Every structure is written in C-alpha cells, then in structure tokens.
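Please keep the sequence and the model in view while reading.

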Amino acid sequence: MIIATAGHVDHGKTHLLQALTGTNADRLPEEQKRGLTIDLGYAFMPYHSQQTQQQETLGFIDVPGHEKFLSNMLAGVGTAHHAMLIVAGDEGMMAQSYEHLAILRLLAMDSLTVVITKSDLTTLEQQQQLEAQLIQLLFQQGFTEPKIFHCSAFTGDGIDVLKAHLITLADNEKQQQNDLGFRLAIDRAFHVKGAGLVVTGTALSGSIKVGDSLNFVRHNKLKQGQTQAKTVRIKGLHAQGKTAQTATANQRVAMNIVGDINKNELSRGDWLVNIVPDAVINRVTIAMAANTDIKHWQAVQLFHAAAHTTGRVALLETDKTKAGEHVLAEITFDSPLCLAEQDRLLLRDPALKTNLGSGIVIDLLPPNRGKRKAERLAYLTQRAKLDSLKDIIAFKLANKPQSISELTWQHQSQHIEKVASSHVENDITQYGDFLCTSEYQVQLQQNIIEKLALYHQQENDHIGLGKDRLYRIAALNQPAAIFNELLAQLLAQQSIINTRGWLHLASHQLQLTELEQKSWQRIAQIMQQNSTPWWVRDLANECDLDEDELRALSYKLAQLGYISAIVKDRYVCHDYLISIANRVREHIEHHQKLETAEFRTISQLGRKVAIQILEYFDKIGFTKRKFNYRELRDEGLLKG
C-alpha cells in the first residue's frame, strides 16, 4: 500500500514521516540544506499484519508543499490511492492546504487521513477548534468519513495512534486486479555502482518478478508518432523498500533493468508495461467532473500519473459547464499520453494555476465525426456509469463487435476472451481478432438482407452488386472478417445468391421465356462479333427487333446478369466487361493506378465510351476515382 502526503509548505510532512518510519525523505542536498522538500521523497514503515500474520511494509510518498513544485506534487499523488493531508496546528489551513485538498478530492482517493501536526505548539482548545473547522470543510468537499488525528513529530505525541490507524487501513486495502498487465509509472532513474541502471515508480496494476521482460514506452517517441517500445529485462527488484523477487500493484518499486537502453533516454512520466499501446493517443473522451466553470475549447494542463502535458477540452453536451457539474468532454493533447481506459486525468488552468476538474478516460479512440450525435452521447452516458472491466466489456460487446487486440491494450488486460465469455449474456463467437455476440450477428444479417432488398428496388435494372459494395452499403465501419463470415452463412443458406459475381436475394430471380431465349441467342451472337457497348436502338436495328420490345428484354437480361447497362439504354456483354476488367486489374497491379488515357489505350475505345465504362466501374465498386486516376476498390469483382 502507498500513501501520499499533501499539505502546505512547512506544515511538517517530512518530519511526520520521519517520526513514523525513521527515514528522512528529503534525499537531495539542497532539500536538507534549505529544510524544504523540492522533489518526491520516499519512506517505508514495516508492520505486522493482522490479516496475513506476516511482516508487511507500508510505503509513503513525500511531496513538496510549495506552489512552485506543484507538478512534482501531482506526480506523487497521481499514482497513489490513499493520502494524508497534513495541517499545522499552529497555522491551520493555508493556501496550498486548500489546493492540495481540492486535488485529492478530484483524484477521488480511496481514503483520506487528516493529520494535525505540531500539537506541542497548540492548546487543546485550539486543536478542537481546528478539528471542527476541518470536519466542516471536509464534508463540504465531499469527504463523508474524515479521520482526523493530532500528533507531534517533535514529542512523539499521537504517533502510535496514527500508526495503528494506518496499519488498519493497509490491512483493509482492497486488492487490485492481478490479472491486469503490469504498469509502472517511472518517476526516477539513476545508476547504482556495480548494478547498473535503476528506475523507480509506483506500480499501477499487475505483477512482475525478477527475470521477466517489460516494454519501455517513451513519451518522446510517442510525440514522434511511434508506439514501438524497447524491451528490457528485470535484473533485480526492490518492493516497498526491500529486496524482493516479485512486485505487485500499489507498491513502490525499484527495478534494476538491462537492455538496449541508457539513463539519458529515461524521464519522469515514461512507462514500463507488459502491454504496449497499439495507437498513439492524441485525443480521448472523458467523463469530467468540473471544479470550476469551464468553457468549450479551453486551454488546459493535464496531469496523469507521473506525466503531464497541455491540450484543449471540447465539451460535448454544452458550450460551458459550471462548478460541480458532471459532463462528457473530449480532450485533445498537444503531446500524446500513455493511457488506459478508466485512468484519471487532472485538469488545471495553465494561466490561472487553478484546478479545473478531473476526468476518467472512457474512450481512447473517439470517432472523428458524429461525436455529438444523440446516439453517441447516449452511448457515452451509459459507458461513464461503468467502472469494472467485466461490465465495460459486456457493454461494449452489446453495442458492436470488438477487436481483442484493441481491448487488450485499451484495458491493459491479457484475458479479454475469458472476461467476455464469463460475463456476457449472449453467446460470443470469435471471427479472427474480433468478438461478436449472437444477437449482433442476427441483426447484421438482417441488415444485409434489408439493404440488398432496398438496392433491388432502387437499381432494378441490375441483378445485384459486388461484395465490396454490399459491405459499404450494409456493414460500413464493421469488421470485414465478421461481414465475410456472415455473408458466407447467408450464401450457404441460399438467402443470398451469387450469380456470376453479383450478389442478390434468392427472390430476385427471373427466367427467360422460350422466345426470349431465342432472341438472347441472336443478341449474344451479335455482341460477340462486336463486343463494344451497344445502344438499344442500334442493337434493335441489327437484330431486326422492335426497339421497345428489345428495351424491355435488355432490362430483363441485365437483371439476369447477361449484360450490363453502363448508362441508360447502352449495354455491354458481361464477358466483355470481364475481359476489360482483367486488363484494368493487370495494369493497376503493375502501375498502382490507371489514368483515362491509359484505359483508352488498353481498351481501344473512344473517349466518350471509355469514360462511360470507367464511371460504371466506379459505380459498381470495382474501381474508385482519386484525383485524375483510378485505383482498384474490389479486386475480386468481375472475374471470369
């Protein structure tokens, strides 16, 4: 267990820890010379646990109280779950006392212990008055069960009572989820003679042992858009100030590491993790609690664990929020952070040096568009109410298929499939990297059939459409692996038919009469002799058929997939389209693109008809136009 201190400068934080642990946490020569905590200090208190009946260790992070070193203070409390607010009995609450208390409230500490120090310099009446003031203040700040102790680091008065309380607190500490990946927020790095490079920090989750390997995630690399991490091996461990073979969540850890890495590469705010993020995180959605009025697109300073950056806050539901309100917001970072869902951010005003609020990360990959749509806000509102991994995974899967690899790094959990299968009510099927509920599969198949039926109504002169175009119409933004599998099921069930590459409903089928079959044989013979596109009137003259009758027959032949209308009343044989498509495919395979002039050369067609065929290819989804050239879109379409 780790407890961070907080409080105004010179209120006795460091002296109190020395009285509790026997350690002076001011390690820097300048700190000892000035009697002022500048950077983070650490101390440890051994105790006998009544729960485990073993020797355990309670760790403390001593933070600076001076306002100039607030970023160091935030690096200390940002990784702790418990805090001690220290208030000098002879001075009472001061400026940094109030600010630190607000920070502890915004960080939603699991517990807060208030210690009134310097009891030897105050009377009992003064102590009682200050305690009454603090109780009222703590209730106003939302701390409903404040624990207040009086003590003196100079005389030792009250130290034993405080120790007993802290030991009880440690024994009742709720266990962290050990199935999560290990995460260590680095706050110091140094060389030890004879050992090598050592990093220290607080373990946020998971567990690790000597000999294990970890990934070093460097913020400077994230700024360059790189998520690749260096691998390091753990040569030795200290946990809670003692040599250890293992280290777990909520412990102070010192780690002797070896690998292709040097001290100059390390800085406060970097990470050692089991699971490396797959994406550079420049923008996140948060559930935000406002501490003061916040405007849309206001500049903010953001603190996370031992790291900090700047950015902008975009309010999703309003243009301005007031103190005490809980709203949905999107944060855009000026430089990326290494985050997981449910991580907490502290927001400060960089100009006024005030606490704006805090936020819990609920989406690491927010969409670029539609972020304020009613359905999106409803989704986020429901998501913000969840905090356990099993509930979050079940909720996400109820909305759409989920990538196992994305869920793994977003939640820093290596057992996503196990969590999903244990806690989701519907049956779960895995398609490649994706998990999908049985209910969603049924809905998507119904949507595919409905979209195909609508296409038949709107484009009733064509037998169907290609697979790639059907995907864009019926399942855009859904995993292609799931669409392909569900389409294969529909084809196997013959709910959908594949006719010469065109997908259509089983009900969308026609048959030629005996007379129409004879006419089609004559038309096919003429089109084989001259395979270029034919106008209906020219083909009617050539076949000696009535133009209106041929127009109706051509419409039916197109529905059957024998011919295709590249424009209204202009048809081409399906075999000819395949031959042209093969030439286009071959050209793009060698040259990566196809220009109009190049298509005229390989097709030997005039400009007007060449453009008509190219636009038809775009329409059916075989190619896509980009600037003045074409690229392949559905490579599998129009194959003989």
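The model described here is predicted.

- Strands of a sheet pair through backbone hydrogen bonds, and the pairing may be parallel or antiparallel.
- β1 runs parallel to strand β3 (residues 55–62), to which it is joined by three bridges; in this pairing, I2 stands opposite G59 of β3.
- β1 also pairs in the parallel sense with strand β4 (residues 82–88), over four bridges; here T5 is placed opposite M84 of β4.

**The helix pair α8 and α9**

- Helix α8 (residues 374–384) and helix α9 (residues 389–399) have axes that come within 10 Å and cross at roughly 160 degrees.
- Angles over 145 degrees count as roughly antiparallel, and α8 and α9 are therefore roughly antiparallel to each other.
- The crossing of α8 and α9 is right-handed.
- On α8 the contact is made by Y379, Q382 and R383, and on α9 by I392, F395, K396 and N399.
- Sorted by class, the contact of α8 with α9 comprises three nonpolar, two polar and two charged residues.

**The open sheet of β24, β25 and β26**

- Three strands form an open sheet in the order β24-β26-β25, with antiparallel pairing.
- β24 (402–403) and β25 (428–431) stand at the edges with a single partner strand each, so one side of each has no neighbour in the sheet.
- Two bridges link β24 with strand β26 (residues 434–437) in the antiparallel sense, and Q402 has L435 of β26 as its bridge partner.

**Helices lying across the sheet**

- Helix α9 lies across β24, β25 and β26, and runs at about 75 degrees to β26.
- Helix α14 (residues 480–492) lies across β25 and β26, and runs at about 105 degrees to β25.

Definitions and conventions
Residues numbered from 1 in each chain as written. Predicted model: local features only at pLDDT ≥ 70, side-chain atom pairs only at ≥ 80, totals over all residues. Heavy atoms only, no water. Axes fitted to C-alpha atoms, helices over the stretch in contact; angles between N-to-C directions. Parallel < 35°, antiparallel > 145°, perpendicular 65-115°, else oblique. Left-handed = near helix turned anticlockwise from the far one by under 90°. Contact = heavy atoms within 4.5 Å. Nonpolar A, V, L, I, M, F, W, Y, C, P; charged D, E, K, R; others polar. Pairing = 2+ DSSP bridges.
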